[in-house]
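This report examines selected local features of one protein model. Please keep the sequence and the structure in view while reading.

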Amino acid sequence: MKGGTSVALRWLTAGESHGPCLTGILDGMPAGLGLSADDLARDLWRRQQGYGRGGRMKIESDRAEILAGVWRGKTTGGPIALRVENRDWPNWKDKEYELPVMTVPRPGHADLAGLLKYGLEDIRPVLERASARETTMRVAIGAIAKKLLAEFGIVIRSQVLQIGTARATPGDLSDPRVVERVEASSVRVADPESEERLRAAIDCAKDRHDTLGGVFEVVAFGVMPGLGSHVQWDRKLDGRLAQAVMSIQAIKAVAIGDGFQAGERFGTEAHDGMEMREGKVTRLTNRAGGLEGGITNGQPVVVRAVKKPISTTATPQPTVDLATGENVPSQYVRSDVCAVPAAAVIGEAMVAYVLADALLEKFGGDNIVETHRNVDAFVRSLP
Ligand code: EPS
């Protein structure tokens with residue numbers, strides 16, 4: 001970690017929503033990790049699911065190609081390059097110079113701010129890059145991070161907690177049967193009543209020609225203590241997780257553990273008491289969400305996030321035409337009604353990346369065997 005930027009792992013994405021493809025480079029993975037495109041396929045598919053998605057998801061069928069960094073099914077230690085084709089591209093490729101200049105910014109989208117910042121006359125290049133289509137590549141990269149974490153027994157799960165004002169009954173994600181139900185659910189919840197409630201909220205938004213946001217939760221199980229650090233602000237893992245999850249398109253709040261609720265409690269009711277059980281320090285609760293002092297404490301890492309409603313609404317919002325200076329209604333072509341279930345999968349990817357980065361930062365290793373040796377020695381040394 002140097003100057004706020006990790007030197008263990010780093011990645012970049014490139015690509016426009018309606019361009020030919022999305023690309024990404026992940027740098028810093030140790031050599032020797034088994035990896036194929038099939039390892040990325042399931043999460044790419046999961047990200048495309050969810051009740052409330054729009055027409056675009058019927059066009060896309062995301063599959064990542066691995067272009068570099070893997071030899072005979074194992075990582076080489078070199079940068080891993082990925083590509084995901086945009087199947088919508090043939091519908092757009094000849095239109096770059098034909099499409100009318102867009103001058104009516106949607107409230108809530110990057111349209112106006114991006115146009116002002118980059119000195120553009122057309123909103124299109126802003127929306128193309130600001131689009132949540134980019135999260136496809138985040139999920140592909142996150143799947144590689146998850147593969148690394150799985151080597152060390154760390155698994156990442158997610159569920160939706162709320163859509164609009166409709167709340168789901170949270171499931172215990174440490175229970176594989178609950179996880180199975182969440183994965184089978186069209187809105188990533190554990191029980192049928194919650195599913196019905198959340199689907200009804202999405203139907204209501206659809207009937208109103210509107211959109212809805214919500215809240216999701218990502219939990220990482222099996223995280224060893226000692227990732228992150230209390231000694232410097234930019235090394236605190238809670239801060240790094242918050243930044244990563246907040247960077248997902250349309251996320252407006254991130255909480256670790258009890259988050260905002262911690263502000264309502266007395267000190268004696270807000271923390272996680274300890275007791276000795278079979279020679280091990282055991283926690284009575286996990287209100288801190290697995291992080292104390294910006295360091296993992298061995299408890300599951302719990303991150304929650306709020307996604308605002310998608311800003312492209314079929315019901316117009318008041319805005320202005322920058323070309324004429326007139327007050328006009330916002331324009332609409334198509335969009336998702338709700339993408340909170342997809343955002344939960346993207347949240348998993350961001351949490352996976354941050355944990356993989358913190359793990360490699362602490363334990364290093366140019367080859368996965370070396371990383372294992374270092375992790376195992378540390379875990380064995382714990383009291
Ligand atoms: C998005 C608008 C919609 C979404 C898109 C994100 O795309 P389009 O403008 O092509 O209808 O479907 O999400 C994805 C393409 C995706 O893969 O998640 C936006 O403006 O952010």
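## Aromatic pairs

In this predicted model, ring centres that lie within 6.5 Å count as a pair, and by this rule there are 2 aromatic pairs. One of them joins Trp-11 and Tyr-353 in an edge-to-face arrangement, with 5.5 Å from centre to centre and 85° between the planes. The label follows from the angle, because planes over 60 degrees apart count as edge-to-face.

Trp-11 belongs to strand 1 (residues 10–14) and Tyr-353 to helix 9 (residues 340–363), so the pair ties together parts that are 342 residues apart in sequence. Are Trp-11 and Tyr-353 buried or exposed? Both residues are buried.

## Charges over rings

A lysine can also be placed against an aromatic ring. The charged end of Lys-117 sits over the ring of Tyr-118, at 5.4 Å from the ring centre. The charged end of Lys-362 sits over the ring of Phe-378, where the distance to the centre is 4.1 Å.

## Positive phi in two loops

Most residues other than glycine have a negative phi. Arg-72, however, has a phi near 50°, which is a positive value. Arg-72 is found in the loop between strand 4 (70–71) and strand 5 (74–75). Its relative accessibility is 76%, so Arg-72 counts as exposed.

Glu-278 also has a positive phi, near 50°. This residue lies in the loop between strand 11 (274–277) and strand 12 (280–283). Glu-278 is exposed, because its relative accessible area is 84% and the cut-off for exposed is over 50%.

## The buried face of helix 8

Which residues of helix 8 are buried? Within this helix (residues 237–246), the buried residues are Leu-237, Arg-240, Leu-241, Ala-244 and Val-245. When helix 8 is viewed down its axis, these buried residues fall within an arc of 125°, so they line one face of the helix.

## Ala-342 in helix 9

Helix 9 also contains Ala-342. With a relative accessibility of 3%, Ala-342 counts as buried, because buried means under 20% relative accessible area.

What is Ala-342 in contact with, leaving aside its neighbours within four places in sequence? Its contacts are Arg-47, Gln-49 and Arg-53. Between Ala-342 and Cys-21, the separation is 321 residues in sequence and 20 Å in space, taken from C-alpha to C-alpha.

How values were computed:
Residues numbered from 1 in each chain as written. Predicted model: local features only at pLDDT ≥ 70, side-chain atom pairs only at ≥ 80, totals over all residues. Heavy atoms only, no water. Phe/Tyr/Trp six-rings, centres within 6.5 Å; stacked < 30°, edge-to-face > 60°. Helix = DSSP H or I, 4+ residues; strand = E, 2+ residues; numbered from the N terminus. Buried < 20%, exposed > 50% of the residue type's maximum accessible area, 1.4 Å probe, protein only. Lys NZ or Arg CZ within 6 Å of the ring centre and 35° of its normal. Arc of directions from axis to C-beta. Contact = heavy atoms within 4.5 Å.
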